[in-house]
Amino acid sequence: MSTVNMAIFIPFIAAMLIPLVYKKLPRLHIGWIVLVIPTFLFIRLACYIPTIARGETYLYTAQWIPSFDIYFSTYLDGLSMIFGLLITGVGALVILYSIYYLSTKESLQHFYIYLMLFMGAMLGVVFSDNIMVLYVFWELTSISSFLLIAFWYHRKGSRYGARKSLLITVGGGFAMLVGFIMIYTMTGTFHVREIIAVIGEHKESHLFLPAMLLLLFGAFTKSAQFPFHIWLPNAMEAPTPVSAYLHSATMVKAGIYLVARFTPVFGGEAVWFWLISGVGLFTLFWGSFCAIRQTDLKALLAYSTVSQLGMIMCLFGIGSASLHMDANIEAVLYTQATFAALFHLINHSTFKGALFMVVGIVDYRVGTRDIRKLGGLMAFMPISFTVAVIGSFSMAGLPPFNGFLSKEMFFTAVLHVRKLDIFAMDTFGILFPVIAWIASCFTFIYCMIIVWQTFFGPYRREKLERKSREASPGMLIAPVTLALFVVGIFFFPNVLGDYILKPAMASVFPSFQSDNYLRQPISPWHGFNTELMMTIGILIIGTLLYMSRRYWKGIYNLVPDSWTLDNLYNNTLTQMEAGSSFITSFYMTGYLRHYLLYMYVFFILAVGGVLVYTGAFDFHMANDAPINSYEWMIAGVVFTSAIAILFAKSRLTSIILNGVIGYAIAVFFVLFRAPDLALTQIVVETVTTALFLLCFYFLPPWRKENAEPRSKRVNLVISIAVGLVFILVALSVKSGKLFDTIAVYFENADELAGGNNIVNTILADFRAFDTMLEVIVLLIAGIGVFSLIRLKAGKGAEKIED
Amino acid sequence: MINLMLITALTLFGVAILIALVRIILGPSLPDRVIALDMIGVNLLSGIAIISVLYQTKAFLEAILILGILAFISTIAFSKYLERGVIIERKRKR
């Protein structure tokens with residue numbers, strides 16, 4: 001078992017062991033033991049950095065279901081390395097933070113089990129080379145995220161948020177599974193390496209586009225892209241460490257990982273480019289626009305996450321354009337977009353994690369995270385304030401923080417994409433920089449809201465639940481570490497670029513071999529160019545807008561609340577429930593006669609329809625035996641009684657008529673030379689009649705309906721149709737003899753079984769197995785009747801007939 | 001000759017059954033119907049007897065006997081039901 005495979009399984013094993021350890025060490029905060037795992041994994045992964053940076057990759061394969069081409073194969077390259085480091089690194093910090101954040105009164109074992117499950121699943125997603133295995137882990141992240149969001153399951157909001165996120169992400173996951181199966185149908189392999197190698201031959205396949213769309217559907221739902229972003233703000237009901245870990249750094253980036261991983265497969269296509277960059281750009285705008293109106297800090301951060309994810313997505317879309325051109329100098333401009341995407345991916349994880357933790361600290365210390373109640377906390381929480389400033393300014397794209405670099409690179413990309421002369425970009429290209437710039441203004445505004453509304457302004461003691469003071473040092477370790485990364489990456493971006501981003505670029509663009517395409521050095525200062533002007537513009541316009549925001553906040557009320565996507569989601573669910581319950585109650589009436597109606601109609605349509613359709617109704621009467629006069633009479637008796645039953649005015653009359661039919665059938669058995677059948681038929685008929693009489697005694701008096709059976713026309717038509725179908729089938733079967741009878745064999749009954757009565761030898765000798773089971777049927781019926789009567793004895797012992 | 005007679009007899013029994021059937025369907029009261037059923041049973045019994053002569057077989061003699069017994073039993077059951085509403089009464093003392 002290789003190290004990467006173990007890296008996936010260690011968290012799962014840990015999740016199994018946590019309850020045991022928790023029971024053994026009740027005093028210790030279990031998080032300290034859990035903390036060892038991501039730390040260990042982080043260090044193990046970090047050991048691979050030098051070799052990965054040299055361009056090596058690691059592929060390990062273990063068998064899982066080889067007959068279905070499903071191998072548990074893990075692949076470690078630059079791209080999965082980034083994610084692996086993020087998952088384990090941020091994971092370690094989040095666990096450290098959660099040790100101080102969650103008290104031992106919470107059900108900690110569950111928390112850490114879910115968290116370990118999630119970590120293992122997430123590592124599985126990024127390391128899997130087999131897309132079926134990837135899908136398994138993908139769903140595991142959805143499920144563990146569901147469990148984590150509903151960690152405080154006694155809250156209504158938690159349950160709502162968990163259900164919503166599960167519905168949306170699993171819906172996308174299913175779509176992705178279908179897309180994967182389509183890819184398999186096209187290429188004949190589940191392995192991403194091999195898919196990339198052979199996909200070029202299948203670009204014309206009619207499954208290519210559907211597979212791409214379904215895969216993107218999965219990626220967009222997971223990464224909270226418009227219009228599937230609605231689950232993310234509701235997922236903020238989770239404990240803050242969970243929000244910091246899942247909903248900023250890892251899970252929501254699974255969709256981005258998928259897009260990056262499949263860029264070599266689908267990249268270079270116009271649909272891919274437009275969907276990803278278009279949806280990403282709009283998500284960037286919409287998320288930042290919606291974030292401003294939020295009053296809850298976590299909801300604000302959730303929308304900012306949506307917005308930033310949109311930005312990363314948009315950059316990946318722009319980067320995919322370079323695959324359309326062959327490796328010429330133009331392509332470099334667009335591969336830079338992917339480089340920026342990967343860079344911002346890391347940056348976002350650092351500053352968003354830090355911001356979530358700060359919000360958690362504020363919530364923990366003050367008791368609320370409503371920005372209308374907060375204010376003036378700077379004096380009480382200097383360290384949290386510093387981290388918040390670093391995180392927010394980085395998110396806003398200000399120097400000297402890493403967000404500045406990625407924002408500049410983002411502007412470079414959208415400015416370049418304007419000049420792209422493929423995919424009809426000459427018409428719409430100008431939209432990219434404009435929308436990106438407006439969205440960045442909004443980003444600036446909400447970043448300022450986080451800092452100013454929380455830490456500046458008047459301190460309102462009366463609105464806060466607790467007296468404010470700085471968090472414990474242990475709680476601050478994780479956010480401070482992340483803040484150090486935020487600043488550190490700004491000053492040394494090229495370390496990151498060389499060791500982490502360049503190999504990742506190689507895995508996104510396997511066809512571009514030269515270093516020039518994959519990496520350009522990042523310089524914090526790149527002269528007075530358009531990008532810098534845009535940033536300065538954001539600074540000025542953003543400040544003005546922030547100052548004057550109470551005057552233009554009215555635009556949020558232009559669209560009524562009932563028009564939001566959340567309402568659409570809620571209404572859709574309600575409507576679907578109402579619709580399905582309407583349909584179900586429409587046909588599940590509870591009346592047996594309706595169900596019989598469906599069954600008979602189905603029988604007529606299925607049997608009759610199929611036989612008419614295939615032309616199987618074909619019969620001729622030439623070979624039939626002649627009918628005697630007394631046979632006609634008996635048939636007439638049966639016919640008359642059967643019709644008369646329908647018009648009988650009392651139950652007793654219909655029973656008597658039923659008896660007539662039974663006896664007449666016995667005579668038919670006699671006429672057709674079946675003495676044993678005749679005997680049995682007579683006995684059974686008599687017993688049945690007696691049983692009917694018994695039942696009548698138990699029918700309640702008020703229900704003795706002496707009215708004739710309902711003569712509904714529908715019933716008449718259907719019964720006639722059923723009868724007709726039966727008769728026609730019987731006639732057709734009789735006319736179309738295919739094989740000789742096997743009854744000749746049984747004529748030797750005397751020799752073979754030592755009996756002269758063929759019927760009895762067949763029943764008891766040739767086919768005694770059937771007889772045995774029939775006996776058992778009778779036995780079961782008898783026991784059933786007995787127990788039914790006994791059960792009834794408890795209520796009304798007076799009415800038993802024994 | 002004997003064959004023709006037997007078939008004629010069979011046909012006549014059939015007519016008798018049809019007439020009894022008319023009584024069952026029209027019969028104003030329930031006892032009328034029960035008696036008509038009993039009559040059908042007896043007629044069938046005779047019909048089966050003639051059929052077995054026609055077919056020259058002894059195989060249906062059991063059927064005749066059983067039908068005789070059961071036609072009687074079913075008539076008794078009906079009569080009991082008409083009189084008491086129950087066929088099998090419980091013991092007075094348990």
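Begin by selecting chain A of this predicted model: a compact globule of 802 residues would have a radius of gyration near 28 Å, but chain A has 38 Å (the radius is taken over C-alpha atoms, and the globule rule is 2.2 Å times the number of residues to the power 0.38). Turned along its principal axes, chain A has C-alpha atoms that fill a box of roughly 115 × 65 × 60 Å. Colour by secondary structure next, and chain A shows 34 helices and two strands (DSSP runs numbered from the N terminus, with helices being H or I of at least four residues and strands E of at least two).

Now select residues 156-187 of chain A, helix H7, together with residues 208-222 of chain A, helix H9, whose axes come within 7 Å and cross at roughly 150 degrees. H7(A) is therefore roughly antiparallel to H9(A) (a term for angles over 145 degrees, taken between N-to-C directions of lines fitted to C-alpha atoms over the stretch in contact).

Residues 6-26 of chain B are 100% helix, with end C-alpha atoms 30 Å apart, while residues 61-82 of chain B are 100% helix with end C-alpha atoms 32 Å apart.

Residues are numbered from 1 along each chain as its sequence is written, and chains are lettered from A in the order in which they are written. Local features need pLDDT of at least 70, and side-chain atom pairs count only at pLDDT 80 or more, while side-chain values use heavy atoms, with hydrogens and water left out.

Note on methods:
Axes fitted to C-alpha atoms, helices over the stretch in contact; angles between N-to-C directions. Parallel < 35°, antiparallel > 145°, perpendicular 65-115°, else oblique.
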